[in-house]
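Hi everyone, thanks for coming along.

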Amino acid sequence: MTQRFDAVVVGAGQAGPSLAERLGKTGRKVAVIERKLVGGTCVNTGCIPTKAMVASAYVAQQARRAASYGVNTGDVHVDMDAVWKRTQGISGQSRNSVETWLAGMQNVSLLRGHGAFESAHALRVGDALIEADEIFLNVGGRAVVPDFPGVDSVPYLTNTSVLQLREVPKHLVIVGGSYIGLEFGQMFRRFGAEVTIVERSDRLLPKEDPDVSAAVVDILEKEGIQLHLAAECIELRGKAGEISVVAKCAKPGLDVHGTHLLLAVGRRPNTDALGLDKAGVTTDTHGYIAVDDQCRTNVPGIWAMGECNGKGAFTHTAYNDYEIVAANVLDGEARRISDRILAYALFIDPPLGRIGLTEQEALKKGHDVRVGVRPMTRVGRAVERGETLGFMKVIVDGKSEQLLGAAILGVSGDEAIHSLLDAMYAKARYQTVTHAVHIHPTVAELLPTVLQSLSPA
């Protein structure tokens, strides 16, 4: 059976439904193909459920600290089953909202099943052959399972399966000291688990500046999380409830024992079962679909958006990909990926908000680097809330006087940093921020002060 559409969107994640709606409103007959859960990673196994759990962990931690605020709570106990039910309820409600939205779209049909190319403009979905002149790929990614010795025999969790835990592990060992591993590590420590993080690099968050990495280490160690760095030659041993992570090349040698194991060593694109070779679509050595500055693949009429194109592994970059495609395909507006400023957050507590270049990156690019730094102990709002860990750091080009990047590791840092991000998009001189009158008492009000104390890197 062959079905003909004007456009096909493969994947109902962050970019897919929004683009399908825009395409349908032009009168195009549109098919959205989804093999699993509508909403993609963010709604089902990413941002929404994990941040719901982070919120529960934050409340648990604040309850333990309540006496320092003059509030007596007694012993704190985390009901992991109740946490799971709350998380699933929030995620499920979001997924249902996307499904309802899709069902009500003009000229849009949702097709359930796995889609794979038969040719450049035909995809097989079950028994049906779906043909279209325009095909938009939004297939996302999944956790990498590294080829550690023992990985085939030792039970492990990924960022997806760990969300299904309904009891707090006695001792959770996490391999991977980057964003996913650190968020889950602090979360489960606050739920009551003993947590050990094993990282192959010589420091956590190796893409961040060393001072940011060091501050994150301090935050995690203060909560009793054990950290082991430079752990090379990792092997997995043991069985359910008795798991061992061995780093044979670590100095000294490392052998960590725990009850549960979480592998958080990266992600890979969901492109290996798409039949891209039959369509002639080019990928890189990691499986990411090669695209130009407007998300176009090498095959005319095929675009790739979101995590699968390797241009950003975030919900907000996937949505921006949709905006870029819609602008170019439907609006005649030449928006580009290269116009995007890197922006993301690490949702530990306190969070890290990051935009643009790090200090080290700015120096390597040859900028006349000026840096302003202030500890969160200088932020009145942080002091009032009793949450003063971390610092603010802003990087400026001394010649152009424009902002190059920033890191705010501290309470509300993931929100406050947007005042700098907007100034960067406006290509404004940093004095635009220093001359602004910010509301007191807030976290963002210290940013002008930070910028008034710039010094050479």
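How close do the axes of helix 1 and helix 8 come, and at what angle do they cross? Keep in mind that this is a predicted model. The two axes come within 9 Å, with a crossing angle of roughly 20°. Since angles under 35 degrees count as roughly parallel, that makes helix 1 roughly parallel to helix 8. The crossing is right-handed.

If you want to find the contact on screen, look on helix 1 for Ser 18, Leu 19, Arg 22 and Leu 23. Across from them, helix 8 brings Tyr 319, Tyr 322, Val 325, Ala 326 and Leu 330. By class, that contact has seven nonpolar residues, one polar and one charged.

Now let's turn to another partner of helix 1. Its axis and that of helix 4, residues 80-103, come within 10 Å and cross at roughly 15°. That makes helix 1 roughly parallel to helix 4 as well, but here the crossing is left-handed. Pro 17, Ser 18 and Glu 21 of helix 1 make this contact with Val 98, Trp 101 and Leu 102 of helix 4.

Last stop, the core. Which residues touch the most other members of the largest nonpolar core? They are Val 8, Val 10, Ile 135, Phe 136 and Leu 137, out of 48 residues.

How values were computed:
Residues are numbered from 1 along each chain as its sequence is written. This is a predicted model: local features need pLDDT of at least 70, side-chain atom pairs count only at pLDDT 80 or more; totals for chains, interfaces and linings use all residues. Side-chain values use heavy atoms; hydrogens and water are left out. Axes are lines fitted to C-alpha atoms, for helices over the stretch in contact, and angles run from 0 to 180 degrees between N-to-C directions. Helices (H or I, at least four residues) and strands (E, at least two) are DSSP runs, numbered from the N terminus. Angles under 35 degrees count as roughly parallel, over 145 as roughly antiparallel, 65 to 115 as roughly perpendicular and the rest as oblique. A crossing is left-handed if the near helix is turned anticlockwise from the far one by less than a right angle, and right-handed if clockwise. Contact means heavy atoms within 4.5 Å. A nonpolar core is a set of buried Ala, Val, Leu, Ile, Met, Phe, Trp, Tyr and Cys residues joined through side-chain atoms within 4.5 Å. Buried means under 20% relative accessible area, exposed over 50%, partly exposed in between (1.4 Å probe, protein chains only). Ala, Val, Leu, Ile, Met, Phe, Trp, Tyr, Cys and Pro count as nonpolar, Asp, Glu, Lys and Arg as charged, and the others, Gly among them, as polar.
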